[in-house]
Amino acid sequence: MPSFDIVSELEIFEVNHAVQNTQKEIQTRFDFRGSEVTIELNEKAKEIKISAESDFQVEQVYNMLENHFHKRKIDLQSLDPQKMTASGKHTVQVIKLKDGLDSDTAKKINKAIKESGIKAQSSIQGDKIRVTDKKRDTLQQVMAFLKEQQFGLPLQFNNFKD
């Protein structure tokens, strides 16, 4: 029976490249010359930390990071910016990275599939949702339906079996 999995996976090496490209752009930009501006990725905690002398500079670095995410085709829904905090003469912003389907989002997606009226079977299996049906066309309808929806994190479809 044809099936596919719905997952939300973040390609950490692409995120790493986007952060490195942002660092390079910070070094070459004239308006950041002479100021202490840093951006660093913590892969284990899955967060990016931006530190600068003013909140305006932090916002500029965040915009540059978004541009590099877009260039690397990483969905911007995977970014979860936290509130800026001032410590001493620096302003710090932590951006958490969303990776994986949590149970609440998986339940929302499962409920949306069932309420859509599409006759496919969906079941939550850990950090993924398996969708099955007798016809491939029905599975493609489910994919098209989910691409139109917003669940607050990027969705990928993999493990397509015929």
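**Briefing: pocket lining, sheet and strand pairs**

Glu9, Leu10, Glu11, Glu14, Arg72, Lys73, Ile74, Asp75, Ser78, Pro154 and Gln156 line the largest pocket. The structure is a predicted model. Its strands include an open sheet of four, ordered S7-S8-S1-S9 with antiparallel pairing.

**Largest pocket**
- The space in the largest pocket comes to about 200 Å³.
- By residue class, the lining of the largest pocket holds six charged, three nonpolar and two polar residues.
- Gln156, one of the lining residues, belongs to strand S9 (156-161).

**Four-stranded sheet**
- The strand order in the open sheet is S7-S8-S1-S9, and the pairing is antiparallel.
- Strand S7 (121-125) and strand S9 (156-161) are at the edges with a single partner strand each, so one side of each has no neighbour in the sheet.
- From one strand to the next, the twist averages 25°.
- Four bridges connect strand S1 (residues 3-7) with strand S8 (residues 128-132) in the antiparallel sense.
- In this pairing, serine 3 is opposite threonine 132 in S8.
- S7 and S8 run antiparallel and are joined by five bridges, with serine 122 opposite valine 131 in S8.
- Two residues separate S7 from S8 in a hairpin, and glycine 126 in the turn has a positive phi of about 70°.
- In general, strands of a sheet pair through backbone hydrogen bonds, in either a parallel or an antiparallel arrangement.

**Helices on the sheet**
- Strand S1 and strand S8, paired antiparallel over four bridges, are both touched by each of the two helices described here.
- Helix H3 (residues 103-115) packs on the sheet and touches S1, S7 and S8; the direction of H3 makes about 175° with that of S7.
- Helix H4 (residues 136-148) also packs on the sheet, with S1, S8 and S9 as the strands it touches; the direction of H4 makes about 175° with that of S9.

**Aromatic pairs**
- The count of aromatic pairs is two.
- One of them joins phenylalanine 4 and phenylalanine 157 in an edge-to-face arrangement, 5.7 Å centre to centre with 85° between the planes.
- Phenylalanine 4 is in strand S1 and phenylalanine 157 in strand S9, so this pair ties together parts that lie 153 residues apart in sequence.

- Strand S2 (residues 38-42) and strand S3 (residues 47-52) run antiparallel, joined by five bridges.
- Glutamate 40 is placed opposite lysine 49 in S3.
- The hairpin of S2 and S3 has four residues between the strands, and lysine 46 in the turn shows a positive phi of about 55°.
- S3 also pairs with strand S6 (residues 90-97), in the antiparallel sense and over six bridges.
- Within that pairing, isoleucine 50 stands opposite glutamine 93 in S6.

Key
Residues numbered from 1 in each chain as written. Predicted model: local features only at pLDDT ≥ 70, side-chain atom pairs only at ≥ 80, totals over all residues. Heavy atoms only, no water. 1 Å grid on protein atoms, 1.4 Å probe; cavity = no way out; pocket = protein on both sides within 12 Å on 5 of 7 lines; lining within 4 Å. Points joined across faces, edges and corners; volume = space filled by probe spheres on them. Nonpolar A, V, L, I, M, F, W, Y, C, P; charged D, E, K, R; others polar. Pairing = 2+ DSSP bridges. Axes fitted to C-alpha atoms, helices over the stretch in contact; angles between N-to-C directions. Contact = heavy atoms within 4.5 Å. Phe/Tyr/Trp six-rings, centres within 6.5 Å; stacked < 30°, edge-to-face > 60°.
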